[in-house]
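Here is a friendly walk through one protein model. Please have the sequence and the coordinates at hand as you read.

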Amino acid sequence: MTGICTGRVAAVTGAGRGLGRAHALALAAEGAAVVVNDLGVTADGAGASGGPAQQVVEEIRAHGGQAVAHTGDITTDDGARSLVTTALDTFGRLDALVNNAGFLRDRMLVNLAEEDWDAVMRVHLKGHFLPLKHAAAHWRAEAKAGRMPDARVINTSSGAGLLGSVGQGNYSAAKAGILGLTLVAAAELGRYGIQVNALAPAARTRMTEQTFADTMAAPTDGDFDAMAPENVSPLVVWLASADSAGVTGRVFEAEGGRITVMEGWRPGPTADKGARWTPSEAGETTRKLLTESEPARPVYGV
């Protein structure tokens, strides 16, 4: 280990299991003190338990690291605020926020209940916004007091947010919203010493091991486990460290041993009549432009 996060304090949401747990352990192994947030809910968001967060804290401490559990609900204003104050009260500072918490309520659109839409939007999108808001407010106050932060936010999107995923309209929409939030936050907060990036990971977690069972299965022959969540964490650790200076407003895919810089929406073929189109002209021109454009990537599950 290189200790690239030595002296830094990171808060990780949804850190009791899966990717969040892997991130928390990796950050601690590189010297960070970690606030381990987890509400301890089931895979669809039901129930609550302090066990998962505390177990990760004990793992970190057993290896000589520093950690504290936070079991507040980060989709509420009080819970998100207390995530930040827990870091400040316990470790005296906060340097990085890893927004990772989430769960699934998959349905085809015509079967998707309003409550399942709202629940997924709440945990993924609101659960990113509120911790980001309160962390940014703290860092802005520090900057205005003459103590410029070297702060990092790593948001968690998904391939579903980039391309869509059949049966996951709520999840895909929330994860796409996280990308938009990331770009706005990076633009607004840079003046306060805050870098904001997003990650679209592919890994075996409670949310993927059943939905994509064949793809996510662990190898049985000792080969490289490309879907292990620990493969994603090195990039998270680097983005949370001071070494990532100057990297902000970017989206990365991470899977196995692969890291990809995503380039997002860019202008493709275009036509300008210089006047209003008729519907027939607009249609004819659009079809021509489509023949000149890159083929659309398939939606997951199609």
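The report below goes from the overall fold to salt bridges, then to a loop proline and a surface patch.

**Ground rules.** This is a predicted model, in which local features need pLDDT of at least 70, side-chain atom pairs count only at pLDDT 80 or more, and totals for chains, interfaces and linings use all residues. Residues are numbered from 1 along each chain as its sequence is written, and side-chain values use heavy atoms, with hydrogens and water left out.

**Overall fold.** The protein chain has 9 helices and 8 strands; these are DSSP runs numbered from the N terminus, with helices (H or I) of at least four residues and strands (E) of at least two. Its radius of gyration is 20 Å, close to the 19 Å that the globule rule gives for 302 residues, so the protein chain is as compact as a globular protein of that length. That radius is taken over C-alpha atoms, and the rule is 2.2 Å times the number of residues to the power 0.38. Along the principal axes, the C-alpha trace spans about 70 × 50 × 40 Å.

Of the 302 residues, 46% are buried (buried means under 20% relative accessible area, exposed over 50%, and partly exposed in between, with a 1.4 Å probe and protein chains only). Among contacts with a separation of 6 or more, 69% come from residues 24 or more positions apart; a contact means heavy atoms within 4.5 Å. The chain exposes about 15000 Å², and carbon and sulfur atoms supply 53% of that area. Accessible areas come from the Shrake-Rupley method with a 1.4 Å probe, and for residues only the protein chains shown count as cover.

**Salt bridges.** How many salt bridges does a search of the whole structure find? There are 13, where a salt bridge is a side-chain nitrogen of Lys or Arg within 4 Å of a carboxyl oxygen of Asp or Glu. Three of them are listed here.

| Pair | Closest N to O distance |
|---|---|
| R21 and E230 | 4.0 Å |
| K288 and E292 | 2.7 Å |

R21 pairs with E230. R21 sits in helix α1 (residues 18-29) and E230 in the loop between α7 and α8, so this bridge ties together parts 209 residues apart in sequence. R21 is partly exposed at 25% relative accessibility, and E230 is partly exposed at 43%. Through shared partners, R21, E59 and E230 join into one network.

With D116 in helix α4 and R105 in the loop between β4 and α4, the pair links parts 11 residues apart in sequence. D116 is buried at 9%, while R105 is partly exposed at 21%.

K288 and E292 are 4 residues apart in helix α9 (residues 279-292), about one helical turn. K288 is exposed at 51%, and E292 is partly exposed at 45%.

**A loop proline.** Is P229 buried or exposed? P229 lies in the loop between α7 (213-216) and α8 (233-240), and at 10% relative accessibility it counts as buried. Leaving aside residues up to four places away in sequence, P229 touches G18, L19, A22, A203 and R204.

V110, in the loop between β4 (96-98) and α4 (114-144), is exposed at 80%.
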